[in-house]
Amino acid sequence: MKARRHAKILELISQSNIDTQEELLRRLRNSGFEVTQATVSRDIKELRLVKTLSADGQYRYSTGKEDDPDVSSKFYSLLRTSSESIKCAGNLVIIKTLSGMAQGICAAMDTMNWESVAGTIAGDDTIFVAVRSEHAAQQLAAELNRMMG
């Protein structure tokens, strides 16, 4: 049942711009799934869904892994308009963003597939980027700062 529900969630978010848990809950119920808000919340976490900026400027749930040929320009635009600072701490790059923007920027950054990046994690307004070495972290931070303008 859970696997079918997860598959339906992935189908729904790929076909529609769903921006709230309530909307996802409503669509799942309309599709015949008896779910609660808590179940939908757990499913979102288990599927690692993030809110990303869609082409029309609205946020929507996404896997953050869409193959978008224009993703680099979206990433640069998000970085420029929503980042406040980028600093290094050892092999970490810490990006401070406007409130609520970290997950969108992080999802876009993940699609860039930088070889030196081992992984990322985002909160509400902070992104931690684990880089393979201290030197590579300094280079990435410098590159990101250049992109910020």
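Residues are numbered from 1 along each chain as its sequence is written, and side-chain values use heavy atoms, with hydrogens and water left out. Because the model is predicted, local features need pLDDT of at least 70 and side-chain atom pairs count only at pLDDT 80 or more, whereas totals for chains, interfaces and linings use all residues.

Helices (H or I, at least four residues) and strands (E, at least two) are DSSP runs, numbered from the N terminus. Two packed helices are described by the angle between their axes and the distance between the axes. Here axes are lines fitted to C-alpha atoms, for helices over the stretch in contact, and angles run from 0 to 180 degrees between N-to-C directions. Angles under 35 degrees count as roughly parallel, over 145 as roughly antiparallel, 65 to 115 as roughly perpendicular and the rest as oblique.

The helical part may be approached through H3. Helix H2 (residues 21-30) packs against helix H3 (residues 37-46) at about 110°, the two axes being 10 Å apart. H2 is therefore roughly perpendicular to H3. On the H2 side the contact (heavy atoms within 4.5 Å) is made by Gln-21, Glu-22, Leu-24, Leu-25 and Leu-28, and on the H3 side by Gln-37, Val-40, Ser-41 and Ile-44. By class, this contact of H2 with H3 has five nonpolar, three polar and one charged residues; Ala, Val, Leu, Ile, Met, Phe, Trp, Tyr, Cys and Pro count as nonpolar, Asp, Glu, Lys and Arg as charged, and the others, Gly among them, as polar.

H3 also meets helix H1 (residues 2-15), where the axes come within 11 Å and cross at roughly 75°. H1 and H3 are therefore roughly perpendicular to each other. Lys-2, Arg-5, His-6 and Ile-9 of H1 make this contact with Thr-39, Asp-43 and Glu-46 of H3. The contact of H1 with H3 has one nonpolar, two polar and four charged residues.

Within H2, the buried residues are Gln-21, Glu-23, Leu-24, Leu-25 and Leu-28, where buried means under 20% relative accessible area, exposed over 50%, and partly exposed in between (1.4 Å probe, protein chains only). These buried residues pack against H1, H3 and strand E2 (59-62). H2 is followed by Gly-32, which has a positive phi near 95°. Gly-32 lies in the loop between H2 and H3, and it counts as exposed because its relative accessibility is 54%.

The sheet comes next. Strands of a sheet pair through backbone hydrogen bonds, either parallel or antiparallel. This open sheet has four strands in the order E3-E4-E6-E5, with antiparallel pairing; two strands pair if DSSP finds at least two bridges between them. E3 and strand E5 (117-122) stand at the edges, each with a single partner strand, so one side of each has no neighbour in the sheet. From one strand to the next, the twist averages 15°.

Strand E3 (residues 83-89) is joined to E4 by six bridges, and Ser-85 stands opposite Lys-96 in E4. Two residues separate the strands in the hairpin of E3 and E4, where Gly-90 takes a positive phi near 65°. Five bridges join E4 to E6, with Val-93 opposite Val-129 in E6. Five bridges likewise join E5 to E6, and the bridge partner of Thr-120 in E6 is Val-129.

Two helices accompany the sheet. H5 packs on it, touching E3, E4, E5 and E6, with a direction about 160° from that of E5. Seven of the nine residues of H5 are buried, so this helix is largely enclosed by the rest of the structure. H6 lies across E3, E4, E5 and E6, running at about 165° to E3.

The nonpolar cores remain to be described. A nonpolar core is a set of buried Ala, Val, Leu, Ile, Met, Phe, Trp, Tyr and Cys residues joined through side-chain atoms within 4.5 Å. The largest has 24 residues, and those with the most contacts inside it are Phe-75, Val-93, Trp-114, Val-129, Leu-140 and Leu-144. Helix H4 (71-82), strand E4 (92-97), helix H5 (102-110), strand E6 (126-131) and helix H6 (134-148) each supply at least two of its residues. H6 gives the most, with six residues. A second, separate core of 14 residues includes Leu-24, Leu-25, Val-35 and Leu-49.
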